[in-house]
Amino acid sequence: KQWYQRRVAITAGGCGECPADSAATYCVDCTATDGTGCNTKVLPTGAKTFLCYNHEYTASKWKKVGAPVTCHAKIATAVKCNSPGKSADSTYTVPHNGCGPCDATAKTANKCSDCTTAKCNSASTLAFVLAPLLAVIFHAL
């Protein structure tokens with residue numbers, strides 16, 4: 001017998017019965033039938049899977065890093081991606097590799113920006129480059 005804890009995805013797993021201190025709604029006993037473990041990554045029915053981009057600070061600017069990462073949201077949670085905001089400096093850390101909403105404090109300080117569709121955080125570098133450039137052009141006119 002094996003078990004796994006189910007929140008958005010498996011957060012823990014083991015052999016034997018569910019731990020006595022685990023919430024019944026989050027721990028599920030399972031029995032492997034084909035010789036492999038049944039306590040591998042399992043999403044609850046109805047959980048959302050979507051893609052977001054991670055970002056890194058390189059050469060004095062933020063840029064999108066490679067391919068999008070796979071994100072998960074609970075059934076009643078909205079799809080959200082996050083990216084560095086206009087006040088994010090080199091000390092800022094992108095939360096959850098770009099998956100999920102911004103921390104309220106970082107969002108208020110304009111260090112984080114979030115959006116509500118899959119892969120919606122892909123254009124942050126373009127925005128950081130174009131916004132000042134457009135300001136200079138329009139100011140010159």
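**Reading the side-chain contacts and the pocket**

Analyst: Aspartate 114 and lysine 107 form a salt bridge, with 2.7 Å between the closest N and O atoms. The term requires a side-chain nitrogen of Lys or Arg within 4 Å of a carboxyl oxygen of Asp or Glu. This is a predicted model, in which local features need pLDDT of at least 70 and side-chain atom pairs count only at pLDDT 80 or more, while totals for chains, interfaces and linings use all residues. Residues are numbered from 1 along each chain as its sequence is written, and side-chain values use heavy atoms, with hydrogens and water left out.

User: How many salt bridges does a search of the whole structure find? Is aspartate 114 buried or exposed?

Analyst: The search of the whole structure finds 1 salt bridge. Burial is judged by relative accessible area: under 20% is buried, over 50% exposed, and in between partly exposed (1.4 Å probe, protein chains only). Aspartate 114 has 18% and is therefore buried, whereas lysine 107, at 39%, counts as partly exposed.

User: How is a pair of aromatic rings described?

Analyst: The description uses the distance of the centres and the angle of the planes. Rings of Phe, Tyr and Trp (its six-membered ring) pair if their centres lie within 6.5 Å; planes under 30 degrees apart are stacked, over 60 edge-to-face, and the rest tilted. By this rule there are 2 aromatic pairs. Tyrosine 57 and tryptophan 62 form an edge-to-face pair, 5.3 Å centre to centre with 70° between the planes. The ring centres of tryptophan 62 and tyrosine 92 are 5.9 Å apart and the planes stand at 75°, so this pair is edge-to-face. It links distant parts of the chain, 30 residues apart: tryptophan 62 lies in strand S5, and tyrosine 92 in the loop between strand S6 (81–84) and helix H1 (104–108). Helices (H or I, at least four residues) and strands (E, at least two) are DSSP runs, numbered from the N terminus.

User: Which residues have a positive phi without being glycine?

Analyst: Serine 60 has a phi near 65°. Serine 60 is in the loop between strand S4 (48–58) and S5, and is exposed at 63%. Asparagine 110 has a positive phi of about 60° and belongs to the loop between H1 and strand S7 (112–115).

User: Finally, how is empty space found, and what lines the largest pocket?

Analyst: Rolling a probe the size of a water molecule over the atoms shows where empty space is left. On a 1 Å grid over the protein atoms alone, a pocket is an open set of points where a 1.4 Å probe fits, with protein on both sides within 12 Å along at least five of seven lines; lining residues have an atom within 4 Å of a point. Here 14 residues line the largest pocket, and His72, His96, Cys99, Gly100 and Pro101 lie nearest its centre. Strand S5 (residues 61–73) gives the largest share of the lining, 4 residues.
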